[in-house]
Amino acid sequence: MKTLRLSPLGDTAVYAEFGATLDLELNRSLQALAVALRARAVPWLRDVVPALCGIALHFDPCHPQLPDAVLEACEELLQDCFKSASKFEDSGRTVEVPVCYDEEFGLDLSDVSQRTSIAIKEIIKRHLKTQHWVLMVGFSPGQPYIGGLDPKLSVPRRATPRTRMPIGAVAIANAQTAVYPYETPGGWNVIGRTPLTVFDPARDPPSLFAPGDCVRFVAITGEEFVKLSRPPH
Amino acid sequence: MSRTRSLHILRPGLLSTVQDRGRYGLQHLGVVPCGPMDPVAFELANALVGNRNGEAALEITVLGPEIEFECAALVAICGAQFDVTLDGRALPLNRPVFVEEKSHLKTGRALVGSRAYLAVAGGIATAPVLASRSTYLPAGFGGLEGRLLRTGDVLPLVPNSPALARSRYASMASKKTLSNGLRSVTWSAPALTLPEREPIVIHAMEGRHHALFDAAAQRAFFEATWKVTPDSNRMGFRLAGPALALAGALEILSEPTCLGTVQVPANGLPIALMADHQTIGGYPKIAEIAAADVPRLAQLMPGGTLQFARCTLPQAGELRRVLRQRLAAALRTLTWMYGE
């Protein structure tokens, strides 16, 4: 693997882009690279963020040990860690995500069905069938971008984003699935909802999903959804 | 029996949150650092009351809160120039003031700048969440229940807050009882981040997607005068000005963003990402603001104006070094005033 492009994100971060299109194998090696980079515990490095096809290194711009030639230092660090990272395996974790695909939760199922000319039942079947991976976590705390969607289900974002996604919405767009932890705006197509708490700062680990995890969606009924939902407080 | 030591919020002000230095190391899980919008004023406020470790302070915005002190405390307000009184007497900014038990602090409007930090010796002692006391409004955790302060809130201080106030005030050089009776000092911290004459100049580097904008947009970004719109907040400053168009249709993959990223959504109006920004974004990035200029930008009021000045990465580094030296010099002086 070669660095395609190393670009500064201002003077506090660097984004190393290893490709321009989504590639599951590349993404998996980025997760390993992130683990290796974090293991180095570089004092001026604050955050290591593996993304879809690149990795961002955020540094403390006021750290006394921050090298003057920070781009070069980051490149060297990336090259060096990549050698050790290649020995890393997947996290080995599989997160099982119960999803209720009932009409009241799958707000855009009929829309997706029309656009793909695939029956709703078949959409659900295909969503359940394939192997999924967490490609990246971000936007809001714990929100996963999950790859591995059946290519036949690949639809663009909705023309008009929703201003408030339901908490736990399971939504698809651009060959990926996302699970919304909070009532944030969102433009993806909602096909179901999970009763799981995606992010809870009081839980260890706080995030249900981490980059590199395998994901298996499991269909549940409306009754099971209610049973698995946390009691309202 | 230990008594609780706390601040009682009589009026919350427009947007008051608890902030410490921030929550680092969790961006890969979508958790952005948050922390003070103006970290320079925040550090100075803490140093003025003898805090060394980025203790949690109150960030107050545009219209400040009214607070009753349950116990004696040593406080300092630093950042924007607010109109502040303590029991009806003018409270000087940028210097430590000894506050007696049951005192009533009233912060009015920001006259210059928009954000200030109210630091208390020992710090605000809300429970840390993921190793930080910073309030993270978009996800609702940290600070006080992850939200803005409300009337009736009780903000805990460290238990030894009054003792700290007394001992630190006693150790200070050049104490002075002001003509209105407030106990303060003759020295003060410099204001390093107040906005100068508008439009203020904010240095920025070309962003990753700068070349994807059309020629007019590339020019306009660095030539236009931009206005901070009222729907700006701790997540981002929305800027009004000429709409910036891409040279062609473009769908970029979502990728990491950072503090100071200027992204341009489909309507062509740029958004400068601030302390509570999302960690990942899918809009093209036209520019990245120099880290040294983010605190000054944070001090602009809604309606305030700015221009972007093009700079290079080494120039941004130089701006950062200059600011760091000025801050370090101010912090050294303040430490010395504590007799150390």
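Which residue takes a positive phi just after α3(A)? Ser117(A) does, at about 55°. The views below come from a predicted model.

**View 1. The buried side of helix α3 in chain A.** Helix α3(A) covers residues 109–116. Its buried residues are Leu109(A), Val112(A), Ser113(A) and Thr116(A). They sit on the same side of α3(A), because they cover an arc of only 105° around the axis. Their cover includes α4 (120–129), β8 (169–173) and β10 (189–193) of chain A. Just past the helix comes Ser117(A), with its positive phi.

**View 2. A closed barrel in chain B.** Seven strands make up the barrel, in the order β12-β19-β16-β17-β14-β13-β20. Their pairing is mixed. On average, neighbouring strands are turned by 40° against each other, direction ignored. Helix α3 of chain B (residues 215–223) packs on this sheet. That helix touches β12, β13, β16 (261–263), β19 and β20 of chain B. The direction of α3(B) makes about 115° with that of β20(B).

**View 3. Strand β12 of chain B and its two partners.** Strand β12(B) spans residues 200–206. It runs parallel to β20(B) (residues 305–310), joined by five bridges. Here Ile200(B) stands opposite Leu306(B). With β19(B) (residues 285–289), β12(B) pairs in the antiparallel sense over three bridges. There, Glu206(B) has Ala287(B) as its bridge partner.

**View 4. Strands β13 and β14 of chain B.** Strand β13(B) holds residues 226–228, and β14(B) holds residues 236–240. The two run antiparallel and are joined by two bridges. Val228(B) stands opposite Leu239(B) in β14(B).

How values were computed. Residues are numbered from 1 along each chain as its sequence is written. Chains are lettered from A and ligands numbered from 1 in the order in which they are written. This is a predicted model: local features need pLDDT of at least 70, side-chain atom pairs count only at pLDDT 80 or more; totals for chains, interfaces and linings use all residues. Side-chain values use heavy atoms; hydrogens and water are left out. Two strands pair if DSSP finds at least two bridges between them. Helices (H or I, at least four residues) and strands (E, at least two) are DSSP runs, numbered from the N terminus. Axes are lines fitted to C-alpha atoms, for helices over the stretch in contact, and angles run from 0 to 180 degrees between N-to-C directions. Contact means heavy atoms within 4.5 Å. Buried means under 20% relative accessible area, exposed over 50%, partly exposed in between (1.4 Å probe, protein chains only). The arc is that of the directions from the helix axis to the C-beta atoms.
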